[in-house]
Amino acid sequence: MLAAISAATLTGTVGRPVSVEVHVSNGLPGFTIVGLPDAAVRESRDRVRAALLSSGLPWPLRRVTVNLAPSGVRKGGAGLDLAIAVGVLVATGELPPGCTEGLTFCGELGLNGSLRHVPGMIALADAAAPRGLVVPLGDAREASLVRGDGARGVSSLADLVRILRTGAAWPTIPAAVPSPPPPDLADLADVRGQALGRHALEVAAAGRHHVLMVGPPGSGKTMLAERLPGLLPTLTAEQSLVVTRVHSAAACLGPDGALVTRPPFRAPHHRASIVALVGGGSWSLRPGEISLATHGVLFLDEMGEFPVAALEALRQPLEEGVIRVSRAGGTVTFPAHFLLVAAMNPCPCGEGVFTGACACTAAARARYTRRLSAPLLDRFDLVVPLFRPDPDQLLDGPPGESTAVSAAKVAAARGRAAARAGGDPPLHPDGARLLASKLREGALTARGLHKVSRVARTVADLMGAEQVGEEHVCDALTLRTARSTVAP
């Protein structure tokens, strides 16, 4: 007999519908899966057999052939287990043929017949629309984020067979367990001094400007970067769904399956590989750190220690907001609309020109800064030098403005920019002359002119100005021309 069961597989962060065709015929007992399965799908033979026997269901001692259509799409993961098991039961007459009409099945089977979590459930639920979706009970709430009442959850294969045979009611999706309150974000009031660094954070948060902080160890670069997410607004409903989809595909979503509402903060180690940063893999293409930081902050601490190839891979997503990963098996596109914050020492010893105690040779400094190519450095809107704070500020200085105060300034600036509906505030003639002189001197490239203009508009919005004046352009140039401290 032949059975065709609807399922879905995950490709990157996108779900693709799959038809699981199961044919049971006379012949020597065997089990074959065709249709570009990966190792996890091929291993489903043993999981499905053990799950059926553990659930008190017979395993056919005949020839079983499973075809995963369309055959040109690679299928990965254990999420096809449930559809294969249901297909075998329908093809052998254990389930009535019409009981699976209008349903899509996604889930991994345990050897005892239980249903287990599958990564990327939001994307799989999208691929199943408009059909009903049957998933493990623990994944039902996540699937309901996009499918609403179309999601159905079961805890075991035996329960599913009972429901399909008798038409019994589907289990109620468990209510969300109240998550513990998220930890309080680090407060900017903890940072003493560093007026330029605090100002750069506000500008970066208000206008989504990439920022590079350069300074000796102990100058507060990491402290400032960790406090940037507190200045960003809460994610919109659309952004929240995009971020949750990416985290779900990467198996980074919390156990409650709730939407991500805060801007994510990702800080990969400087020894992270290029695949870990941009995504990919040999078979299953997974999102990397830059995609997990979508609509949030990607912090690269010790940027001068990252592999050159990994840093250069950031150039395209910084410009386009997406990352395209191509492998022999196909190409996937991941979202990569992130705010890049980087920190680095000026030289290998860390002192550089900031303290006058640098012990590095000129060749060592050149090798260190050469990791940042001019095109990559040109993509930073803000390059900020940071010095170690004065001891009096650390010991007896008053706390700076809190995150709440700075976040209010950022929100007001974003509101002014949104009110213009994409239009630009007028540029004062003095500001225009200053930009023109920098272009003629060769201090700015065409990309640099665009970025300085954007930063100047953001500074004007932060100050509540109606037009971009010369002082705003000077501020933007000051925040950018500090590139000389790390120029390769």
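Helices (H or I, at least four residues) and strands (E, at least two) are DSSP runs, numbered from the N terminus. The model shown is predicted, so local features need pLDDT of at least 70 and side-chain atom pairs count only at pLDDT 80 or more, whereas totals for chains, interfaces and linings use all residues. Residues are numbered from 1 along each chain as its sequence is written, and side-chain values use heavy atoms, with hydrogens and water left out.

**View 1. S156 in its loop.** S156 lies in the loop between strand β9 (151-154) and helix α6. With a relative accessible area of 17%, S156 is buried, a class that means under 20% relative accessible area, while exposed means over 50% and partly exposed lies in between (1.4 Å probe, protein chains only). If neighbours within four places in sequence are left aside, S156 is in contact with G113, S114 and L115, where contact means heavy atoms within 4.5 Å.

**View 2. G138 in its loop.** Is G138 buried or exposed? G138 sits in the loop between β8 (132-136) and α5, and its relative accessible area of 65% makes it exposed. Although G138 and S155 are 17 residues apart in sequence, their C-alpha atoms are 7.8 Å apart in space.

**View 3. The whole chain.** The chain has 21 helices and 16 strands, and its C-alpha atoms fill a box of roughly 85 × 45 × 45 Å, taken along the principal axes. Of its 488 residues, 49% count as buried. Among the contacts in the chain with a separation of 6 or more, 75% are between residues 24 or more positions apart.

View 4. The chain is divided into domain 1 (2-166) and domain 2 (188-401), with bounds that come from an automatic or database domain assignment. The centres of the two domains, taken over C-alpha atoms, are separated by 41 Å, and the contact between them takes 20 residues from domain 1 and 20 residues from domain 2. Domain 1 and domain 2 bury about 1,500 Å² between them, 61% of it on carbon and sulfur atoms; buried area here is the accessible area (1.4 Å probe) that two parts lose on being put together, summed over both. In domain 1, the residues that lose the most area to domain 2 are T13, R74 and I122, which together make up 36% of what that side buries.

View 5. How many salt bridges does the rule find across the interface of domain 1 and domain 2? The rule finds 1 salt bridge there, where a salt bridge is a side-chain nitrogen of Lys or Arg within 4 Å of a carboxyl oxygen of Asp or Glu. D126 and R245 form a salt bridge, in which the closest N and O atoms are 2.5 Å apart. On the side of domain 1 that touches domain 2, β1 (2-11), α4 (121-128) and α5 (140-147) each supply at least two residues. By class, that side has 9 nonpolar, 5 polar and 6 charged residues, where Ala, Val, Leu, Ile, Met, Phe, Trp, Tyr, Cys and Pro count as nonpolar, Asp, Glu, Lys and Arg as charged, and the others, Gly among them, as polar.

**View 6. The salt bridge of D190 and R227.** The structure holds 15 salt bridges, and one of them joins the side chains of D190 and R227, with 3.2 Å from N to O. This pair links distant parts of the chain, 37 residues apart, since D190 is in the loop between α6 (157-166) and α7 (195-207), and R227 is in the loop between α8 (221-226) and α9 (237-249). D190, at 44% relative accessibility, counts as partly exposed, whereas R227, with a relative accessible area of 8%, is buried.

**View 7. Further salt bridges.** R324 and E320 form a salt bridge whose closest N and O atoms are 2.6 Å apart; R324 is partly exposed at 46% relative accessible area, and E320 is partly exposed at 45%. The side chains of K409 and E401 also meet in a salt bridge (2.9 Å, N to O), with K409 partly exposed at a relative accessible area of 33% and E401 partly exposed at 35%. Elsewhere, salt bridges that share partners join E43, R47 and D81 into one network.
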